[in-house]
Amino acid sequence: MDPTLKVLLIHPEPGGVWDCIRGAFGEHGHGRARSIEEAAEHPGAIDAVLLEFGRDRERGTKAVRGVRRMAPAAVLIVLVGPDDDEGALAAVREGAHDCLIAEGLEPRALQRAVLCAVERAKAERELRDREEFTRRVIENMPGGLLRVDLDGSITLANEQAQRFFGIRPDGRTTHNLRDFRKGTVTDDGGPLAPDDMPVTRAMRTGRPVGPRTLGIKREDGSVVWGVFAATPLLGADGNSTGAVVTFMDVTERRAAEQALRESEERFRTMADSAPMLVWMTDAEGNETYYNRTWQSYTGESLERALQHGWRRCVHPDDIARCLEVFEGARRGRSGLRLEYRLRRADGSYGWVLSQGSPRFSPDGAYTGHIGSCADITDRKKAEDSLIASEATQRALLEAIPDLLFRMDRQGTYLDYIGPKGATLLAPPRGFLGKRAADVLGERHAELLLGVIDRALSTQAVSTYEYTAGTEEAPRYHEVRVVPCGKDEVLAVVRNITARKRTEAALRESEERYRGLVETSPDGIIVHQENRIVLANDRMARLMGVEHGSDLIGLAPIELVYPEDRPLVLSRQAHVHETGEPVPPMIERLLGRGGHVVWAEVAASPCIHDGRAAVQVVVRDIADRRRMEEDLRRAQKLQAVGQLASGVAHDFNNLLTAIFGFTSLARRTLGVSHPAHRSLERVEEAARQASGVTKALLTFSRSSPGEKRPVPLADAVHEAVRLLRRTLPPGVRLETSLDLPEPVWVDADATQLQQVVLNLAINARDAMPQGGRLTIALEPGGPELRRTVRLVVADTGVGMAPEVEARIFDPFFTTKPPDQGTGLGLPIVHGIVKDHHGTISVRTVPGKGSTFTVELPCVPPPGLAPTEPRASEVPMGRGETVLLVEDHAYVRELIASMLAASGYAVIQAASGEAMMEALASGSRPRLLILDRGLPDGCGWSWIERARGVLGPIPAVMLVGLARDEEMPPAGDATIILRKPFQLPDLMAAVVRGLGREGSLGGPT
């Protein structure tokens, strides 16, 4: 007994039946229930159900149905009474697999009955599955299937076979192949012998036969074609009991093949009899067919033509063009139309018109081209006017880029002409014969019908535009409706997308150009035919008018200064004649009101509104000319400064000699000598001359200010003393220079006096009719940062705001060119800033100006050590001093001073002479050199001397104090400025020799 078999007993009073089940199946693998409802709750799958049928037929039948629904896969065995045959039959009819008599049932009998029922049910299920599988395979075969007995009876035919043979499910149980045998034909159309049928041969030989193509005549008289194969069915004894016939229906394929053969035959017959030359190619462009007319025309056999191709028959001058057209049509899968010369059989050439169209297979694949050639030699040579007119008309129609539609009053499309590749809303078959509303839509059709009605009613051309395509890629079209009689029109549709885009691009370009013109910092005009047609506002402002439109219509030459007009006219003529631009040139323009505008003018040809024009760019160069003039004045000042610097340098040398020789003379003559007083006057005059040279050096920027604590009131008093001599009688000078206590500033007294003088002179010039000039000193800031104010005020003309904003700009002046340089106030501003001060101005036009300079105060200086005077200078002890000075007077003076003071002096007029003296063995204790030696800077000669002598002390004599004249960092060289007096020189020598211990060097 299978241990996995599950048996369920359904019995209201199981009693002995339950004991029998347990005896048959053991303690496990079975269960019991008193009703169907209780059985439905039994867990797990059930293999067999034992059901008590009972005497109540209706209740028993319902119980069987309930079990079949509850466990459809389980084996159902019904338990009936010993004489209840009707109950047993009812149970079997409802689906019971077996019936057993419950009374006296033994375990072994029950076990055999259940196992047999389970095995039988399993076999039935497998048989049903196999039959279902076979049925599905047969029904879903792509071809037909027949089962035939030995006598030819058809015992099985799937749906495909029924359709093929015309077998109708009309109640007949069988059909016989003998019914179709008489009409069976072979592949070539001949009759088929009965014994030669594949099914007959398979049953006769016992071996499979086929496949073979046969035609079968059906009962309705139609013939169908199939490819048949037959396989014998063998019995247990090995003999045939029938056969299975399979086949594929090829009726449609044979019909298509036959139609193709007939079509090809018709084509070849028609092509060979056609007067035109017909040709075909494959997808690669190789020739596959030429008709007899082509062979006759060219004298080429078909075999030779297919071998060598048509190219050898084309005129050499036409072959390149033909190859290009044919290859383009092949690549583009497009039609072709071409005229060329083809060689005839007699060797002459005739003109042919070759036209071809692409060929495609049913699945859409390109298979080549087919075309024809018509001899058009006579047409080419004919002079007949009608033929020429038709050719001209044809050429015009083919060349016209527009779409032409012939339409009636109702908007019906009657005809269409258009260029190849023209874009249509629908193919011609989609609109010819239809109304506009059906093709274009109601809105567009309504517009078109209105234009057609207007054209027909006025018998005049009417035009309108419309837009197609998408918003991202719109297409614009222009439609011209031309009346043709009373009821028809010709609608000419032109694609104007390119024109619209060009117009839009042109408008955008013009807008950009106008924007550039209007925002240009230069004046721009455009003139055509000697009249200004465009001018920007910048040009208008240059000419003294408000807007560029105020210049429109004027002759451009009217804007030119009269004396410059001949040259400008010649430049205009050059642009018009050569079409080339002229380079920029300085011209004078005449503005409204007569003012002259200096400008740099360039002219070049251009296109304006589609016509030739000249564009003129005008650049105002007034500021540039002013800057150039300022630069020239600055260069003049620089030259004067350089001259002043040179004069001051030479003058310092002379003053040095005057100071020195005067000092020596005073020492020699003594105080009691009558000339002593005169010598003092000479020294005083020399000191005044030294002040002049110092002023010259300050002016030339060759001498920086020497700042030291200065009493400001004294410096201003000195400047006022000098100023009084320069004021005209009409200017009244008032001063207020007394302060509560003396005020000291860290400054260069000369530069402070220059500030006062410059401000006062500016005030004087601001009062040409006279007035009051006030110079005052006032206390400034708080104690922590004490300042003092210098105030210079006038009652002159004052300044406008725009002038006030620029008064400290270099070279800015309101005075005429020959009366001012524009440097006075900038110099004042620079000096004040250099002294860590500030300067401000308060001015009112017509009432005067007040300048306030505020400077920081410094503590009063202590007692400075005085330099030793001549009588206090110790005499030398014979130390050797090497003096290098190119100026003879100065060299002689210094040598005399040193010799008179007890020093041995070696003189040299140049650096090279110094080096020669050192090379000869001289070993001085001190060097005295002039900075500006003729053969190089004194600093370099000091370095070379120290290369020979070691770190020897030196005194440098300088006449121009520049930054580069200062000693290098760490250098102990003493600076002595010219002009100097004897005490100054001796003090420098003593200081130099006093550093001997730190400097070292030979004695």
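# Exercises on a predicted model

Leu424 is partly exposed, with 24% relative accessible area. The model is a predicted one.

## Exercise 1: Leu424

Task: Place Leu424 in the chain and find which residues it touches, leaving out those up to four places away in sequence.

Solution. 
- Start with the class. Buried requires under 20% relative accessible area. Leu424 has 24%, so it counts as partly exposed.
- Next, the location. Leu424 sits in the loop between strand S18 (413-417) and helix H15 (436-440).
- Then the contacts. Leu424 touches Leu403, Phe405, Tyr416 and Phe431.
- Take one of these partners. Leu403 is 21 residues from Leu424 in sequence, and their C-alpha atoms are 8.8 Å apart.

## Exercise 2: Helix H3

Task: Check the span of helix H3 (residues 57-70), then find what covers its buried residues.

Solution. 
- The expected span is 1.5 Å times one less than the number of residues. For the 14 residues of H3 this gives 20 Å. The end C-alpha atoms are 20 Å apart, so the two values agree.
- List the buried positions. They are Gly60, Thr61, Ala63, Val64, Gly66 and Val67.
- An α-helix has 3.6 residues a turn, so residues three or four places apart point the same way.
- Now the cover. It includes strands S1 (7-10), S3 (48-52) and S4 (75-80). Helices H2 (36-40) and H4 (85-93) are also part of it.
- Finish at the N-terminal end. Asp56 caps H3 there, with a side-chain oxygen 3.2 Å from the backbone nitrogen of Glu58.

## Exercise 3: Helix H5

Task: Repeat the span check for helix H5 (residues 107-139) and name its buried residues.

Solution. 
- H5 has 33 residues and should span 48 Å at 1.5 Å a residue. Its end C-alpha atoms are 48 Å apart, which agrees.
- The buried residues are Leu110, Ala113, Val114, Ala117, Val118, Ala121 and Ile138.

## Exercise 4: Salt bridges

Solution. 
- Side chains of opposite charge can pair when their charged atoms come close. The cut-off is 4 Å from nitrogen to carboxyl oxygen.
- Glu327 is partly exposed at 30%.
- Lys380 lies in helix H13 (residues 377-381) and Glu339 in strand S14 (residues 336-343), so the bridge ties together parts 41 residues apart in sequence. Lys380 is partly exposed at 39%. Glu339 is partly exposed at 22%.
- Arg764 is partly exposed at 23%. Asp765 is partly exposed at 33%.
- A network also exists. Salt bridges with shared partners join Glu300, Arg304, Arg312 and Arg343.
- The structure holds 36 salt bridges.

## Exercise 5: Surface and whole chain

Task: Describe the nonpolar patch that includes Val596, then the chain as a whole.

Solution. 
- Ile586, Val596 and Trp598 make a nonpolar surface patch of about 230 Å².
- Val596 lies in strand S25 (residues 596-608). At 38% relative accessibility, Val596 counts as partly exposed.
- The chain has 30 helices and 40 strands. Of its 1003 residues, 39% count as buried.
- The chain exposes about 55300 Å², with carbon and sulfur atoms supplying 53% of it.
- Among contacts between residues at least 6 apart in sequence, 54% join residues at least 24 apart.

Methods
Residues are numbered from 1 along each chain as its sequence is written. This is a predicted model: local features need pLDDT of at least 70, side-chain atom pairs count only at pLDDT 80 or more; totals for chains, interfaces and linings use all residues. Side-chain values use heavy atoms; hydrogens and water are left out. Helices (H or I, at least four residues) and strands (E, at least two) are DSSP runs, numbered from the N terminus. Buried means under 20% relative accessible area, exposed over 50%, partly exposed in between (1.4 Å probe, protein chains only). Contact means heavy atoms within 4.5 Å. A polar contact is a pair of N or O atoms within 3.5 Å; within protein, one must be able to donate a hydrogen and the other to accept it, and residues adjacent in sequence count only if both atoms are side-chain atoms. Patches are made of residues with over 30% relative accessible area and no salt bridge: like charges are joined within 9 Å, nonpolar side chains (Val, Leu, Ile, Met, Phe, Trp, Tyr) within 5 Å. Accessible areas come from the Shrake-Rupley method with a 1.4 Å probe; for residues, only the protein chains shown count as cover. A salt bridge is a side-chain nitrogen of Lys or Arg within 4 Å of a carboxyl oxygen of Asp or Glu.
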